[in-house]
Amino acid sequence: MLKAEHLSFSAKDEERKIIDDISFCVNPGEMLVITGPNGSGKSTLMKLLMGIEKNDNGSINLDGEDITGLNIDERANAGMGYAFQQPPRFKGMTVRRLLSIAAGGGLSENNCCDLLSGVGLCAREYLNRQVDDTLSGGEMKRIEIATVLARPHKICLFDEPEAGIDLWSFSMLVKQFEKIHREKKESIIVISHQEKLINMADRIMLLKDGKIAGIGSRDEIASELFSNGGFFGCSKTNEES
Amino acid sequence: MEIDQITQNVLNQIDDAGFKQEGAYNLRYNGQALCHGDSEHIKIKKREDGNPGINVYISKDAQDETVHIPVVISKSGMNDEVYNDFYIEAGAKVNIIAGCGIHNSGCNDSRHDGIHSFHVGEGAQVTYAEKHYGEGEGTGGRFLNPQTRIYVGKDAQFNLDTAQIKGVDSTKRVTYVELEEGAKIYVTERLMTHDEQQAASNMDVVLNGKGSSAQIISRSVAKGRSVQVFHPKAIGNNDCHAHIQCDSIIMNEAKVSSIPEINANHVEAAIIHEAAIGRINNDQVTKLRTMGLSAQEAENVIIEAFLN
């Protein structure tokens, strides 16, 4: 279980709190979707959980261990995974090498292929390609998801996995989340505006101005989600609109 | 011929394919040929013009054959200059693995200047790999100054792979290439410098023939207070294509100058250059740390991949 208590964070030289006294928990096997308007602090909250940014106040606890003082790699080794909204590119690094590092050591060609197939990429074409400017934004995002799936975690954090990818890639992504969610082996936190992912969530957290405006099942926080006469911050998929 | 442990260690560093006393080979050790052998299609002869070095004759019947010509210097204060010429017949396909390693455990400077020339016949395909390496606990310097002249005949292809990853205090590399009709050259230059090391590379590629092409890729990492200067130059004298790409990672207090130069002397000459110098991207380090690597391990992985 991941437990965050009284997390606060202000950017340098700014008095405004980007994250303002946030407390919540994510249960084992639970899928929590964080949604909310731009600038509400969603990505910052994820960075605080992963140790990429340091919280000013509050604590983070993973399975009974206080991880507040741990740095990024220590949190990774404690069982946390993280998928970037805009994954960085690496000149000279092959997809195979990146996946092997992500898996924590050697990864057989078959395992690499399974990971790539799982995110909708034809493995043979990609294994020896470089993770550089020659890949499209959608390809980068899918490889990013594959790096997180490459090893088991206690909890995985996904920062807007749908951003910058095409509809076909998105449907592959949804299938991956359904699989993780169904197996209930790992907890997941996903920042998303997509109704499909929101509907899949066990609970939804609505973030506004660095504070939790609502947290609970879709029905429980429907009034906050549907405020202002629309589905707040979320885009509907074609078949459901 | 038995090879001592220091020499074997250096050979392991400079010859990725693994040096063996089989087929065509010549091991130059402290200024002398220590051992050498010919194959049916590749003959190695001592020069007769008074200069130290060898002539290597590769017949058209050599197909996917390899010749190893490493140089090892383990004597501190050694100043070795060698002239090696390669004559590759039309249609031959050959890998030439050169490279020089200096083990200097003394207080005097050791130096090797390898002056190589390649005469590549029509339609031949040549891959030439040259790796430089220095080691040893002595205070004496390790200097390597290679000069390479390559004449690529009609429709022939030459792959030039050079790498200097560690331990060379100073290097001045001079490369000159001439391409005839339909000839191609692919150059990959990899360099890492550290501490107070200095490295300079000047390369002229002259595209004389119609349909000739050149691709020059240079990747370098400069650490410590080291200094690197690159000056690749493509000169298009005909209907030809050339692409120069120089990428450098700069760290600590190092200095890097990248000066790609392109010259077109023909209306159909299409020549492009790109150059970039920058520090290691923080997002790259963060990404690898989220995969469990420490910041230092992440940096090493990024550099290793970049120089791959």
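**Notebook: chains A and B**

**Entry 1: helix α2 of chain B.** I began with what lies around one helix, and found that the buried residues of α2(B) pack against α2 (72-77) and α3 (95-102) of chain A, together with α3 of chain B. I note that this is a predicted model, in which local features need pLDDT of at least 70 and side-chain atom pairs count only at pLDDT 80 or more, while totals for chains, interfaces and linings use all residues. Residues are numbered from 1 along each chain as its sequence is written, and chains are lettered from A and ligands numbered from 1 in the order in which they are written.

For the terms, I took helices (H or I, at least four residues) and strands (E, at least two) as DSSP runs, numbered from the N terminus. A residue is buried if 20 or more other C-beta atoms lie within 10 Å of its own, exposed if 12 or fewer, and partly exposed in between, with C-beta atoms placed from the backbone. I then listed the buried residues of α2(B): B:Q284, B:V285, B:T286, B:K287, B:L288 and B:R289. That is six of the eight residues in α2(B), which is mostly covered.

**Entry 2: where the chains meet.** I looked up the contacts between the chains (C-beta atoms, placed from the backbone, within 7 Å). On this basis 19 residues of chain B touch 19 residues of chain A. The elements of chain B that give two or more residues to this side are α2 (282-289) and α3 (295-306). I see that α2(B) gives the most, with six residues. I sorted the side of chain B by class and got eight nonpolar, seven polar and four charged residues. Here Ala, Val, Leu, Ile, Met, Phe, Trp, Tyr, Cys and Pro count as nonpolar, Asp, Glu, Lys and Arg as charged, and the others, Gly among them, as polar.

**Entry 3: chain B as a whole.** I found three helices and 23 strands in chain B. Its radius of gyration is 20 Å, close to the 19 Å of the globule rule for 308 residues, so chain B is as compact as a globular protein of that length. The radius is taken over C-alpha atoms, and the rule is 2.2 Å times the number of residues to the power 0.38. Of the 308 residues of chain B, 47% count as buried. Among contacts in chain B with a separation of 6 or more, 80% join residues 24 or more positions apart.

**Entry 4: strand β18 of chain B.** I checked β18 (residues 213-222) and found eight of its 10 residues buried, so this strand is largely enclosed by the rest of the structure. Two strands pair if DSSP finds at least two bridges between them. Strand β16 (residues 184-193) of chain B runs parallel to β18(B), joined by 10 bridges. B:T188 stands opposite B:I217 in β18(B). Strand β20 (residues 241-250) of chain B also pairs with β18(B) in the parallel sense, over 10 bridges. There I found B:S213 opposite B:H241 in β20(B).

**Entry 5: a hairpin in chain B.** I looked at β1 (residues 24-29) and β2 (residues 32-37) of chain B, which pair in the antiparallel sense over five bridges. B:Y29 stands opposite B:Q32 in β2(B). The hairpin has two residues between its strands, and B:N30 takes a positive phi near 50°.

Terms used:
Two residues are in contact if their C-beta atoms, placed from the backbone, lie within 7 Å.
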